[in-house]
Amino acid sequence: MNFIGAVGGDGGDDADDKEKAEEEERERQEAIREAEERRKEKHRRMEEEREKMRQDIRDKYNIKKKEEVVEQQMPQEEPNPLMRKKKTPEELAAEAEQEELDDFTKLKNQIETQVNELKTQIEGKCVMQ
């Protein structure tokens, strides 16, 4: 009694199904890649048209195009504080000096206000003739 033919065959169908599935997957991946390329090309063309319109406006109003400084500044700002650029000893010394100057300036202002208060108190008590 051979039931192999009645249940599912001799196993050759599984290989055919695998091949079909792999081929369909390759076709699907190719279709996705082509669609992505078309999308990128569409957006590139749209950006070219926008830039042409921007340039027409700049020409009309005699506006100079801004430098691409914004793009250069973006990579410098690291979102991760652990990955930021280490400061040199000179930079650290300069920051410490700034803080000292700030403390000195605060102290100076505080002393000046106290001196002015004492001055007004003394002038109030003393009468010059």
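Entry one. In this predicted model, I looked up arginine 44 and found that it forms a salt bridge with glutamate 48, with 2.3 Å between the closest N and O atoms. Both residues belong to helix H2, where they stand four residues apart, about one turn of the helix. I then checked accessibility: arginine 44 is partly exposed at a relative accessible area of 39%, and glutamate 48 also counts as partly exposed, at 44%.

Entry two. I turned to arginine 26, which forms a salt bridge with glutamate 23, the closest N and O atoms lying 2.8 Å apart. This pair, too, lies in helix H2, with a spacing of three residues, about one turn of the helix. Glutamate 23 has a relative accessibility of 35% and so counts as partly exposed.

Entry three. Glutamate 51 forms a salt bridge with arginine 54, and here I noted 3.1 Å between the closest N and O atoms. Because the two are three residues apart in helix H2, about one helical turn separates glutamate 51 from arginine 54. Glutamate 51 is partly exposed, with a relative accessible area of 26%, and arginine 54 is likewise partly exposed at 34%. Salt bridges with shared partners join Glu47, Arg50, Glu51, Arg54, Arg58 and Lys65 into one network. Searching the whole structure, I found 14 salt bridges.

Leaving aside residues up to four places away in sequence, I listed its contacts as Glu51, Ile63, Lys64 and Lys65.

Entry five. I next asked which residues make the nonpolar surface patch of about 320 Å². They are Ile57, Tyr61 and Ile63, and Ile63 is also among the residues that arginine 58 touches. Isoleucine 57 lies in helix H2 and, with 46% relative accessibility, counts as partly exposed.

Of its 129 residues, 1% count as buried. The chain exposes about 13,100 Å², of which carbon and sulfur atoms supply 54%.

Conventions
Residues are numbered from 1 along each chain as its sequence is written. This is a predicted model: local features need pLDDT of at least 70, side-chain atom pairs count only at pLDDT 80 or more; totals for chains, interfaces and linings use all residues. Side-chain values use heavy atoms; hydrogens and water are left out. Contact means heavy atoms within 4.5 Å. Patches are made of residues with over 30% relative accessible area and no salt bridge: like charges are joined within 9 Å, nonpolar side chains (Val, Leu, Ile, Met, Phe, Trp, Tyr) within 5 Å. Accessible areas come from the Shrake-Rupley method with a 1.4 Å probe; for residues, only the protein chains shown count as cover. A salt bridge is a side-chain nitrogen of Lys or Arg within 4 Å of a carboxyl oxygen of Asp or Glu. Buried means under 20% relative accessible area, exposed over 50%, partly exposed in between (1.4 Å probe, protein chains only).
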